[in-house]
Amino acid sequence: MAVIMNKSDLVDILWREFPEFRRRDLELIVNLLFERLTQALKDEERIEIRGFGRFIVKRQKERFFKNPRTGEEQIIPTRKRVIFKVGKDLKERLNQHALASIDLGTQTFRLLIGKASEGDFKILLKERFNVRLGEKLTKEGRISEKAHERGIKALKKIRLLLDKAEVKEVFAAGTEVFRKAQNADYFLEQAQKILGTPVKILSPEEEALYTAKGVLFSLKPESSPVLIIDVGGGSTEYILCHHEKPIKIGSLKLGAVTLKEKFFPSDDIPTSKEMEEAKNEITNFLEEIKYLSPAPHSLIATGGTATCLAALAQGLERYSPAKVHGYFLKTEKLKELVQKLASLSSSEIKFLKGMEEGREDIILPGALIYSALADILNSKGFLISETGILEGLLLHLIEKRPIISENI
């Protein structure tokens, strides 16, 4: 099925990527770009866009033409033709099969579709679905009926996206919720039928290794050792890396969803007692991180809680990966956010600039964990990574099965 993109579509994409610009300004930039390209072609200039291709103007000589039906002869005057020659990078991408990684987490299901490119990959699509599969998991030990329905609904949407992109290979992985839920097998059976591929349940160690792989391929911290932390819905993974190699990994049975259900049962403004008890719980769980050796010189935070905190800190009108990835969240700014979040109800947090829909009732518990980490490690702040386990899974799929492009 052919997909047509016009200038208005291009402006919409740029607006989502650069929300700090006004849409009419981006529209003006796009129009000026096309005007310049058009004028360059009129002047018979060569236009080359690295990684995409080049436009060349060629003159077609004057020639005679005889109408085969009437026998009438006429002269076709000299005219210009625009020829597009596809670039090597684009040619390879066009001939690569699409691959996908799927991260089925306690709070969100996430999908990444990309194409391999010289040990790296080009992103075609990245989507997330807030399903809260771990809702009431701590108390009941099972995936609830409503959570099950939300999860299946999200999987069906993911299936449609996989089909639309003609994805040939998928690596689907499940984390903490599937390690704990008594009825996980029932959900996984349905997931396999919908996705057409089995879901691999990662051990905490595997989860940490894939996370480190996804983070370090795009972020290079200035100093080592570096501690990567992912505060998830049902657990917190940490990976201590030295010279970009994991040397110690761990998983804490502490997450934003589990903390919320245990200490913040209401969506109202938390009481001082609830805050104190939650902080004490966090401190006890983080004790093993306090004495890591060698001591980390820098901290990287990844996952939905971390990226949401970065968006809140910047007050983003619309989420922008470019604004979040590589952002340094200072400890003092994080503590300001904690104070602000603790003074609001979930319904009020929902309307804060930068807030991700569906995370308003668990962002405070997640922020408390990161704040306690900063205190324990005496850190100035966290470098935020937009990449993580999802990218690590896709990189593993690429390395496992190298894809060889064919010539067009």
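Q: What volume does the second largest pocket have?
A: Keep in mind that this is a predicted model. To see where empty space is left, you roll a probe the size of a water molecule over the atoms. For the second largest pocket, that gives a volume of about 270 Å³.

Q: Which element gives the largest share of the lining of the second largest pocket?
A: Let's start with the elements that give two or more residues: α11 (287–290), β14 (298–302) and β16 (381–385). The largest share is three residues, and the element behind it is β14.

Q: Where does proline 294 lie, and what kind of peptide bond joins it to serine 293?
A: Proline 294 sits in the loop between α11 and β14. For its bond with serine 293, look at omega, which is about 0°. That bond is cis.

Q: Is threonine 331 buried or exposed?
A: Threonine 331 is part of helix α14, which covers residues 331–342. Beyond its neighbours within four places in sequence, it is in contact with Ala374, Ser379, Lys380 and Gly381. Its relative accessible area is 9%, and buried means under 20%, so threonine 331 is buried.

Q: Which residues touch the most other members of the largest nonpolar core?
A: Here's the general idea: in soluble globular proteins, nonpolar side chains tend to be buried together. In this model the largest nonpolar core has 49 residues, and helix α16 (residues 363–376) gives the largest share, nine of them. Another core lies apart from it, with 30 residues, including Ala98 and Leu162. Back in the largest core, the ones touching the most other members are Leu227, Ile229, Ile289, Tyr370 and Phe382.

Q: Which residues is tyrosine 370 in contact with, leaving aside its neighbours within four places in sequence?
A: Tyrosine 370 is one of the residues that touch the most other members of the largest core. Setting its sequence neighbours within four places aside, its contacts are Ile229, Asp230, Val231, Ala301, Thr302, Thr305, Ala306, Leu309, Leu334 and Phe382.

Q: How many residues of each class line the largest cavity?
A: The search of the whole structure turns up two cavities of 30 Å³ or more. The largest holds about 270 Å³ of space, and of its 24 lining residues the closest to the centre are Asp103, Thr108, Asp230, Gly232 and Gly233. Elements giving two or more residues to this lining are β7 (108–117), β11 (226–231) and α12 (304–314). By class, the lining of the largest cavity has four nonpolar, 12 polar and eight charged residues.

Q: What is the angle between the planes of phenylalanine 171 and tyrosine 210?
A: The whole structure has seven aromatic pairs. This one links distant parts of the chain, with phenylalanine 171 in strand β9 and tyrosine 210 in helix α8, 39 residues apart. Both phenylalanine 171 and tyrosine 210 are buried. Their rings are 5.8 Å centre to centre and edge-to-face, with the planes at 85°.

Q: Why is the pair of phenylalanine 178 and phenylalanine 187 described the way it is?
A: Phenylalanine 178 is buried at 6% relative accessible area, and phenylalanine 187 is buried too, at 0%. Their ring centres are 5.8 Å apart. The planes meet at 40°, so the pair counts as tilted.

Q: Is glutamate 244 buried or partly exposed?
A: Glutamate 244 lies in the loop between β12 (236–242) and β13 (245–252). It has a positive phi of about 65° although it is not a glycine. With a relative accessible area of 48%, glutamate 244 is partly exposed.

How values were computed:
Residues are numbered from 1 along each chain as its sequence is written. This is a predicted model: local features need pLDDT of at least 70, side-chain atom pairs count only at pLDDT 80 or more; totals for chains, interfaces and linings use all residues. Side-chain values use heavy atoms; hydrogens and water are left out. Helices (H or I, at least four residues) and strands (E, at least two) are DSSP runs, numbered from the N terminus. Buried means under 20% relative accessible area, exposed over 50%, partly exposed in between (1.4 Å probe, protein chains only). Contact means heavy atoms within 4.5 Å. A nonpolar core is a set of buried Ala, Val, Leu, Ile, Met, Phe, Trp, Tyr and Cys residues joined through side-chain atoms within 4.5 Å. On a 1 Å grid over the protein atoms alone, a cavity is a set of points where a 1.4 Å probe fits but cannot get out, and a pocket is an open set with protein on both sides within 12 Å along at least five of seven lines; lining residues have an atom within 4 Å of a point. Grid points are joined across faces, edges and corners, and a volume is the space filled by probe spheres set on the points. Ala, Val, Leu, Ile, Met, Phe, Trp, Tyr, Cys and Pro count as nonpolar, Asp, Glu, Lys and Arg as charged, and the others, Gly among them, as polar. Rings of Phe, Tyr and Trp (its six-membered ring) pair if their centres lie within 6.5 Å; planes under 30 degrees apart count as stacked, over 60 as edge-to-face and the rest as tilted.
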